[in-house]
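Subject: Structure handover and notes

Dear colleague,

Please read the notes with the coordinates open beside them.

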Amino acid sequence: MIPLRIACIGKHGQTAQALAAVAAGYASIELHQAGRDGADLTDATALEAFIHQSRAHVVINAGAYNLVDKAESDEATAFAVNAEGPRVLARLCRRHGVKLIHMSTDCVFDGVGSEPHREDETPRPLSAYGRSKLAGEMAVAEEYPDAVTARVCWVFSEFAGSFVSKVIEWARARPVLQIVSDQIGPPTYAPDIAIALLRLARTKVEGVRDLSGLLHLASPDVMSRSDMATAIMAESKRQGGPFAEIEPVSTASFNAPAKRPLNARLSGVKATAALGLSWTPFDEALERSVAGVLRRTET
Ligand SMILES: NC(=O)c1ccc[n+]([C@@H]2O[C@H](COP(=O)([O-])OP(=O)(O)OC[C@H]3O[C@@H](n4cnc5c(N)ncnc54)[C@H](OP(=O)(O)O)[C@@H]3O)[C@@H](O)[C@H]2O)c1
């Protein structure tokens, strides 16, 4: 297979770590990753140097300002990282003839209804974070129509920052955890997203199919946040890890600064068909994720 050089921004994030783990299994993929120190989205010079030095065929932007609640009081930083950074990146990629896969979120939707959101649906973000991510999507499309924006949702894995590791951490400190039961979404296993991104990267470079614009990478499994937390606790207990009871509560009772879409379902039908994806069953992915978290945190 022809070697594929990928440059990924956001090295320490959950998706980037999954990408590194999956890419390590392919001799034909050369993955270069940089964190904020090597490729800060607010630093055009650093971005250009990273693209240049990696000699990448494809850039994957997995970096983002993801502090959803904090963004309400720091919208300027959210826009700098999630909108202006991607605009500059798209311009650079286009100028240098490098393919671009940018990542976005279900938070561009208002979450009304119970059907999975499709790519052609009109976004209506409820939060500053959602507005900044939508502005990023639009900037990327405007600067570089060939780019793909891959929206993901409820990403989980064994890696730090994942909902799985958070719930296990909280359970070490508290016997009962209040988790919202009225937000419904597709928990999507980060290594499945990584495989999808790699297939997408190869498809873009080989030009075998015209995939540009929006693409949803989401598992067909859906559940509430509290059901997901209950499953995490049951699996942690089964593997000898911490356990806490889950108390389902409403989103309204939490009074968080940022509003979240109650219906976070994304339809992954288009990407699944176009890229021939298969999604790891939730129980299997959860078993692996919990095992990884327990292994990492017990040392
Ligand atoms: N996780 C989810 O459930 C979820 C849901 C919907 C959408 N998404 C989207 O999916 C993508 C990947 O998310 P993720 O969960 O894998 O990410 P993540 O774990 O939250 O990590 C984000 C990374 O972005 C980096 N970053 C922050 N500011 C930056 C800047 N100015 N320049 C460059 N990098 C910067 C962070 O660096 P530091 O490590 O230095 O802080 C961090 O490593 C993002 O676009 C996100 O919006 C994720």
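This is a predicted model: local features need pLDDT of at least 70, side-chain atom pairs count only at pLDDT 80 or more; totals for chains, interfaces and linings use all residues.

Residues are numbered from 1 along each chain as its sequence is written, and side-chain values use heavy atoms, with hydrogens and water left out.

Helix 2

Helices (H or I, at least four residues) and strands (E, at least two) are DSSP runs numbered from the N terminus, and helix 2 spans residues 44–54. Its buried residues (buried means under 20% relative accessible area, exposed over 50%, partly exposed in between, with a 1.4 Å probe and protein chains only) are Ala 46, Leu 47, Phe 50, Ile 51 and Ser 54. These residues lie on the same side of helix 2 because they cover an arc of only 135° around the axis, the arc being that of the directions from the helix axis to the C-beta atoms. In general, an α-helix has 3.6 residues a turn, so residues three or four places apart point the same way. Thr 45, His 52 and Gln 53, on the other side of helix 2, are exposed.

The buried residues of helix 2 pack against strand 1 (4–9), strand 2 (29–34), strand 3 (58–61) and helix 3 (75–96), where contact means heavy atoms within 4.5 Å. At the start of helix 2, the backbone nitrogen of Thr 45 has a side-chain oxygen of Asp 43 within 3.1 Å. After helix 2 comes Arg 55, with a positive phi near 50°.

Leu 266

Leu 266 belongs to the loop between helix 8 (251–254) and helix 9 (269–275), and with a relative accessible area of 4% Leu 266 is buried. Leaving aside residues up to four places away in sequence, Leu 266 touches a set of residues including Asp 106, Phe 109, Arg 151, Cys 153 and His 216. From Leu 266 to Glu 119 the C-alpha to C-alpha distance is 8.5 Å, although the two are 147 residues apart in sequence.

Salt bridges

The structure holds 16 salt bridges, a salt bridge being a side-chain nitrogen of Lys or Arg within 4 Å of a carboxyl oxygen of Asp or Glu. One of them joins Arg 260 and Asp 69, whose closest N and O atoms are 2.7 Å apart. This pair links distant parts of the chain, 191 residues apart, with Arg 260 in the loop between helix 8 and helix 9 and Asp 69 in the loop between strand 3 and helix 3. Arg 260 is partly exposed at 26% relative accessibility, and Asp 69 is partly exposed with a relative accessible area of 26%.

Asp 146 and Lys 99 form another salt bridge, with 3.3 Å between the closest N and O atoms. Here too distant parts of the chain are linked, since Asp 146 is in the loop between helix 4 (128–143) and strand 5 (148–152), Lys 99 is in strand 4 (residues 99–105), and they are 47 residues apart.

Within helix 10 (residues 282–297), Glu 284 and Arg 288 are four residues apart and therefore separated by about one helical turn; they form a salt bridge in which the closest N and O atoms are 2.7 Å apart. Finally, Glu 84, Arg 87, Arg 91, Glu 142 and Glu 143 are linked in a network of salt bridges.

Best regards

Terms used: A polar contact is a pair of N or O atoms within 3.5 Å; within protein, one must be able to donate a hydrogen and the other to accept it, and residues adjacent in sequence count only if both atoms are side-chain atoms.
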